[in-house]
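Colleague: I'd like to go through this one slowly and ask you where each label comes from. Could you put it on the screen for us?

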Amino acid sequence: DFKGSGTQSDPYLINNKYDLINLRNKVNGGSSEKDYYNGNKFIGKYFKQTADIDLEGEEWIPIANTSAVGNKNSKGKEYNKFCGTYDGNGHVIKNLKVSAKFRYSGLFGVIGSGGVIKNLGLENCDIESKNDAGTIAGAGMSGLDNVGTIQNCYATGTVRGDCAGGLVGVGFKKIINCYTVCNAESIDTVEGCTSGIVVNLLNQG
């Protein structure tokens with residue numbers, strides 16, 4: 001388990017890539033790329049990264065990997081989302097690579113209501129998605145509502161997907177003081193999802 005208690009004053013500590021993988025597996029409810037449901041959303045919990053992390057050689061499964069941005073499927077299973085606060089604490093995650101097999105691709109798949117990502121740099125990213133792709137997250141949504149906050153973050157690398165953006169693919173309620181130096185390519189099979197629109201919106205943060 002993580003060091004810390006998950007409160008704002010005593011956050012869970014992410015000291016290395018193995019802690020980051022542990023976070024992912026808990027949020028996803030397992031370690032498989034097909035674990036979409038009933039993970040821990042960490043609502044109201046706090047995480048702090050304590051050092052730079054290099055993911056070179058790691059085929060990353062997104063944290064909060066899931067197949068939809070809704071709340072539950074027809075059988076009542078809850079879709080995975082991250083609803084806590086992840087504070088990069090001024091540190092960097094390098095060489096993040098996500099393949100095109102995921103619907104929502106990024107360090108995070110889907111950020112849910114109350115989710116916050118802040119003070120984090122992502123460098124030399126290589127992100128693909130069969131739908132929505134970003135370096136930080138594929139989506140920040142709960143159903144049809146834009147939710148979640150990204151603050152004081154930056155990213156470099158390449159992003160490709162139907163909806164591709166330098167930081168996020170679609171959604172998010174607030175993006176504050178962030179920038180990207182990314183080559184974002186949208187396949188553009190979904191109306192309105194072009195890399196230029198998404199990236200321009202992000203860069204106004």
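Modeller: Happy to. One cut-off before we start: a residue is called buried when its relative accessible area is under 20%, exposed when over 50%, and partly exposed in between. Keep in mind that this is a predicted model.

Colleague: Why is Cys 83 called buried?

Modeller: Cys 83 has a relative accessible area of 8%, and buried means under 20%, so the label buried applies to Cys 83.

Colleague: And how do you know that Cys 83 is in no disulfide?

Modeller: A disulfide needs two cysteine sulfur atoms within 2.5 Å. For Cys 83 the nearest cysteine sulfur belongs to Cys 153 and is 17 Å away. Cys 182 is in no disulfide either, with the sulfur of Cys 125 as its nearest at 6.3 Å. The structure as a whole holds zero disulfides.

Colleague: Let's look at the overall form. What makes the radius of gyration agree with a compact globule?

Modeller: For 205 residues, the rule for a compact globule gives a value near 17 Å, and the protein has 15 Å, which agrees. Along the principal axes, the C-alpha atoms fill a box of roughly 45 × 40 × 30 Å. Of the 205 residues, 52% count as buried. The protein exposes about 8,900 Å², with carbon and sulfur atoms supplying 44% of that area.

Colleague: Which elements make up the protein, and how many are there?

Modeller: There are two helices and 17 strands. Among contacts with a separation of 6 or more, 79% are between residues 24 or more positions apart.

Colleague: What makes strand 4 largely enclosed?

Modeller: Strand 4 has ten residues and seven of them are buried, so the rest of the structure largely encloses it.

Colleague: Which strands does strand 4 pair with?

Modeller: The pairing test asks for at least two bridges between two strands. Strand 2, residues 46-49, is joined to strand 4 by three bridges and runs parallel to it, with Phe 47 opposite Tyr 86. Strand 3, residues 53-54, has two bridges to strand 4, also parallel, and there Asp 54 stands opposite Lys 94. Strand 8 has seven bridges to strand 4, again parallel, with Thr 85 facing Val 116.

Colleague: What does Leu 107 touch beyond its neighbours in sequence?

Modeller: Leaving out residues up to four places away, the contacts of Leu 107 include Leu 20, Trp 60, Pro 62, Ile 93, Leu 120 and Ile 136.

Colleague: Why is Asn 95 counted as buried, whereas Asn 119 is counted as partly exposed?

Modeller: Asn 95 has 17% relative accessibility, and the limit for buried is under 20%, so Asn 95 is buried. Asn 119 has 24%, which lies between 20% and 50%, so Asn 119 is partly exposed. Asn 95 is in the loop between strand 4 and strand 5, and its phi is positive, near 60°. Asn 119 is in strand 8, with a positive phi of about 55°.

Colleague: And what makes Asn 152 partly exposed?

Modeller: Asn 152 has a relative accessible area of 31%, so partly exposed is the label. Asn 152 is in the loop between strand 12 and strand 13, and its contacts beyond four places in sequence include Asn 119 and Cys 178.

Note on methods: Residues numbered from 1 in each chain as written. Predicted model: local features only at pLDDT ≥ 70, side-chain atom pairs only at ≥ 80, totals over all residues. Heavy atoms only, no water. Helix = DSSP H or I, 4+ residues; strand = E, 2+ residues; numbered from the N terminus. Buried < 20%, exposed > 50% of the residue type's maximum accessible area, 1.4 Å probe, protein only. Contact = heavy atoms within 4.5 Å. Rg over C-alpha atoms; globule rule 2.2 N^0.38 Å. Areas by Shrake-Rupley, 256 points an atom, 1.4 Å probe, with all protein chains shown as cover.
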